[in-house]
Amino acid sequence: MGFFKTMTEVPQTQQKQLALSLLKTPQSIKCPKQLRSIHVILLLTGLHRSSFAVGNFITGCANLGLMNYAHQLFDQMPEPNSFVWNTLIRGFQQNHEPRKVMDFYDRMRSERVGPDCFTYPFVIRACTELAEHVRGKCVHGLLFKVGLELDMFIGTSLIEFYGGFGDANAARRVFDELPVKDKVAWTVLLSSCVDKCSDLEAARKVFDEMPGKDLVVWNIMIFQYVKAGDVRNAYELFTLAPVKDLLMYNTVLGGYARHGEVDMMLNFFHDMPAKDLVSWNTVIGGLVRDNRIKEAMNCFQQMLSENISPNEITLVSLLSACAQVGALDTGRWLHSYIDRNNRGLNVVVATGLVDMYSKCGDLESADYVFNKLQNPDVVAWNAMIMGFSMNGQSKKTLKLFTRMKSGSVMPNEVTILGVLCACVHAGFVNEGRELFNSMVKDLGLAPKVEHYGCMVDLLGRAGLLDEAYKLIQSMPMEPHTGVWGALLGACKLHKNVELAETAIKHLNELEHEDGGYLTMMSNIYANAERWDDVARTRQLMRTKGVDKLRGCSSIEVNGEIHEFGVEDKVHPRLKEIHEMIDEILSHLRLAGHVASRSEVFFDVEDEEKDKALLYHSEKMAVAFGLIATTKGTVIRVVKNLRICGDCHAVMKLVSETFEREIVIRDRSRFHHFKNGRCSCGDYW
């Protein structure tokens with residue numbers, strides 16, 4: 001800045017030349033202090049009356065976001081010419097102030113100088129940003145009066161304007177009327193067909209007509225096919241492209257990943273001539289969404305071996321995979337990788353770790369990571385609240401929620417859902433009611449269908465079935481299967497057949513594919529000894545072609561995920577698993593355990609019921625855990641359905657008999673079994 005201090009000491013002629021030289025390249029002005037120094041020279045030398053100097057000075061202001069300064073200088077000019085007017089209007093457009101663009105356009109129209117072909121592109125773009133369709137059409141009409149409707153730059157802005165409002169026909173008419181069409185006009189027309197109009201057929205027609213298609217145009221068209229879910233046409237167009245860049249490869253790769261064509265994705269990825277971090281993240285994400293967790297981790301290891309450093313997207317994707325299947329060992333390895341490589345715990349990765357540890361049942365580690373965060377955002381708070389809630393730590397959930405409210409982060413709908421779930425798991429009816437009623441009153445949040453579902457579940461489990469039903473009737477939106485399913489489950493628990501029939505009637509009307517609700521209704525009838533209704537319900541299931549969703553459980557051992565279905569017969573250690581189940585059965589008999597057969601259809605013989613219960617997927621997973629892990633190791637199982645009453649009772653006995661802690665995550669919560677007890681307190 002010493003240079004600017006000495007400028008005032010040189011003759012005015014040299015000051016003038018130096019200022020003009022600097023203003024020729026306004027992008028070289030890097031800070032407000034430099035601008036002010038130049039402004040002083042403009043005033044000293046009389047250049048503040050020069051259109052060239054002021055116009056370029058305004059450009060410097062625009063580049064630094066100082067449009068108020070530019071406005072003040074502009075107002076000091078007695079008669080700014082069109083160059084100065086247009087530079088100021090362009091500056092406002094550049095700084096996303098479309099309202100100011102329109103204000104100065106209106107002022108300019110009342111001046112002698114008037115708008116010209118350089119003014120209108122900014123004005124039309126401002127109409128687009130302000131969503132002023134009628135005003136934009138008025139500007140278009142004015143262009144015919146002043147004879148500028150055929151200007152290529154103005155025409156391109158009009159194509160973009162009409163396309164932005166979804167009027168592809170008007171955009172095409174403007175384009176067809178242009179006497180000269182450059183690549184930009186063609187590209188904008190193509191974009192107008194797809195951005196708001198979503199007309200792939202029209203876009204393809206424009207694409208096929210376009211002369212001299214460049215890489216940008218090929219990428220736009222291929223991306224639009226991928227966005228529409230038409231990966232086949234995207235790939236066909238990809239094969240026709242004369243030049244292919246990495247963006248094009250990644251677009252097709254992302255199409256395969258997004259639409260679940262994982263094997264095609266892997267083959268395409270293997271054949272790519274070059275790969276970047278986006279490519280690797282796409283493949284890892286595709287594998288994770290397809291629950292191919294081991295392959296995702298192998299892909300990550302291969303990525304590291306090729307010296308590609310992961311970013312937070314990579315890490316969060318893998319942590320999410322571990323959370324899905326309860327792969328705690330793999331998740332811990334990822335955590336140690338983050339620490340070893342000094343990647344630091346930003347809030348996104350830390351939230352991924354909290355979520356992973358919570359969903360693997362390791363609340364101590366989740367809490368440790370959360371408390372290391374300096375400024376957790378609402379997503380991080382929600383992850384920890386959900387973690388405590390799903391693990392049955394309802395009092396800790398409420399305490400954390402109170403701590404959150406006392407800070408600067410406002411709870412949102414997800415927060416409330418997590419706390420309501422905690423109330424459901426513990427039977428905290430009063431606390432749940434109070435929270436639900438405070439959503440609108442205190443937090444300004446409108447309850448969603450999920451919040452109503454939680455409240456129905458909470459009231460229903462507590463035996464308040466009439467109140468739960470009245471709440472459903474008062475809902476401002478249509479109840480979904482979760483709401484009626486919660487009521488049906490409560491009716492089963494409290495043996496209310498009449499209300500259960502109301503719930504199943506609504507569930508059948510919703511045309512869901514899960515036969516579990518009809519199975520539950522069949523068992524409700526069976527427990528009430530209404531055998532004709534049982535037979536009718538079973539016949540309805542056969543007619544609808546639905547069946548109860550089959551149970552599936554998974555367990556991680558030494559970094560590998562093992563999955564088990566009911567009566568699984570394909571595991572390589574099946575013989576040992578069956579031997580362990582026999583051993584468990586002998587212990588159960590000694591303890592006087594009697595199988596709870598109410599979970600199995602009534603028309604199955606008792607011996608078959610006992611066998612079906614014995615080989616439930618979670619029992620097989622736990623049996624495998626007992627033979628495949630060392631004594632004292634916590635056995636962690638993830639199940640896709642709610643744990644049944646018999647399995648729950650068995651796990652308590654196994655935890656005591658074999659002196660093992662067993663953690664089972666079913667579709668709604670965790671059960672931590674230790675020393676013959678469960679964390680749920682048998683309330684689930």
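Is C360 buried or exposed? I looked this up to start, and C360 counts as buried because its relative accessibility is 3% (buried is under 20% relative accessible area, exposed over 50%, partly exposed in between, with a 1.4 Å probe and protein chains only).

A note on the ground rules: this is a predicted model, where local features need pLDDT of at least 70, side-chain atom pairs count only at pLDDT 80 or more, and totals for chains, interfaces and linings use all residues. Residues are numbered from 1 along each chain as its sequence is written, and side-chain values use heavy atoms, with hydrogens and water left out.

**Cysteines.** I searched the whole structure for disulfides (pairs of cysteine sulfur atoms within 2.5 Å) and got zero. C360 is in none, as its nearest cysteine sulfur, in C322, lies 6.7 Å away. I then turned to C647: its sulfur is 3.5 Å from the closest cysteine sulfur, in C644, which is too far for a bond. C647 counts as buried too, at 0% relative accessibility.

**Confidence.** I checked pLDDT next (the predictor's confidence in each residue, from 0 to 100). The chain averages 89, and 94% of the residues score at least 70. Over residues 1-5 the pLDDT is below 50, and I found eight contacts (heavy atoms within 4.5 Å) for this stretch beyond near neighbours in sequence. Residues 601-607 also stay under 50, with 13 contacts beyond four places in sequence.

**N298.** My last stop was N298, which counts as partly exposed at 45% relative accessibility. From N298 to L487 I get 44 Å in space, C-alpha to C-alpha, and 189 residues in sequence.
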